Amino acid sequence: MSTRSRQRGGGGFVGAIKADVQRLHGAWMELVFPRQRGRGHSVMGKWKPETLPQKIGYNGWSILGLFGLLLLYPLTVIGLATRYYAAKLDSTRTRLGIVGVTGVALLGWGLLTVAWGAMSYMEQVDIPMNSVLAVAAASAVATVSTALAAACTKAGGRAVTVIFAYPFAMTALFLPPVVAALVTPSLHPYILDPSYEFAAWALDNVLAVGGVNEYLRSNYQLEGAAYAAMWLGISIPLGWFLGVVVALANLVRPSQ
């Protein structure tokens, strides 16, 4: 194995994991203690505790960080995978520009809307006009969300990307199929029925804390536009989650 390969891979898969864990643990330790990550401290060296109270605090903080890594490292892996695919999309956005990306989304969804509308006029296919309008509405949602995600990504800055770009991207992914399915009965078994099952599972498990599930069941019915509201409510925090884990991956592995 070449020197460059050893530097990049750290001795293979196990070495890469070890290097990632060391960076995460070093970043955790540097929250309280100076010069722990070993980068930029080649002259002064890594700080080490000297007194007994320092050693107790240092070792206690270190052990606490090791427990945190049990949660953080799987999130880092998710962030690395998300960053990889986001980089592919961002490369396309860079080549095409915001107008180009918006045009591609508009063309793709526009062609689907036109095809759906043409089928509604065929005698062999019985597609009501409200279904065509639903696909058109889904197309508008996808196009606008795609444009906003591209614009926020181009604006730059980690905060803008995490707070706005990722949620808009998730909205472009989740909301259009739901909008189309709301007035297209043939799509219910594939989109709305699984959405209902997912909502029931979330109410019985994730939202069971503090009686949130009982409040939602008593005050809201999952029907009609509530499906779109549900997936919009999912896409925003999911976008934030993916943005945060990508930021975590950038901390562990700054370079692509």
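Predicted model: local features only at pLDDT ≥ 70, side-chain atom pairs only at ≥ 80, totals over all residues.
Residues are numbered from 1 along each chain as its sequence is written, and side-chain values use heavy atoms, with hydrogens and water left out.

Let's start with the annotation. The unreviewed UniProt entry marks residues 61-86, 98-119, 131-151, 163-183 and 225-252 as "transmembrane region"; such annotations may be inferred rather than shown by experiment. In the model, residues 61-86 are 100% helix and 0% strand, with end C-alpha atoms 34 Å apart. Residues 225-252 are also 100% helix and 0% strand, and there the end C-alpha atoms lie 41 Å apart. Helices here are DSSP runs (H or I, at least four residues; strands are E, at least two), numbered from the N terminus.

Now to helix α6, residues 192-204. How does α6 cross α8, residues 225-252? Their axes come within 11 Å and cross at roughly 60°. Axes are lines fitted to C-alpha atoms over the stretch in contact, and angles run from 0 to 180 degrees between N-to-C directions. That makes α6 oblique to α8 (under 35 degrees is roughly parallel, over 145 roughly antiparallel, 65 to 115 roughly perpendicular, the rest oblique). The crossing of α6 and α8 is left-handed, meaning the near helix is turned anticlockwise from the far one by less than a right angle; clockwise would be right-handed.

On the α6 side, L192, S195, Y196, F198 and A199 meet Y227, M230, W231 and I234 of α8, with contact meaning heavy atoms within 4.5 Å. By class, the residues of this α6 and α8 contact are 8 nonpolar, 1 polar and no charged. Nonpolar covers Ala, Val, Leu, Ile, Met, Phe, Trp, Tyr, Cys and Pro; charged covers Asp, Glu, Lys and Arg; the others, Gly among them, are polar.

Helix α6 also packs on α7, residues 212-219, at about 135° with axes 8 Å apart, which makes α6 oblique to α7. Here A200, L203 and D204 of α6 meet N213, L216 and R217 of α7, and that contact has 3 nonpolar, 1 polar and 2 charged residues.

Last, α8 has another partner: the axes of α5 (residues 158-182) and α8 come within 7 Å, crossing at roughly 145°. That crossing is right-handed, and its contact residues divide into 21 nonpolar, 5 polar and 1 charged.
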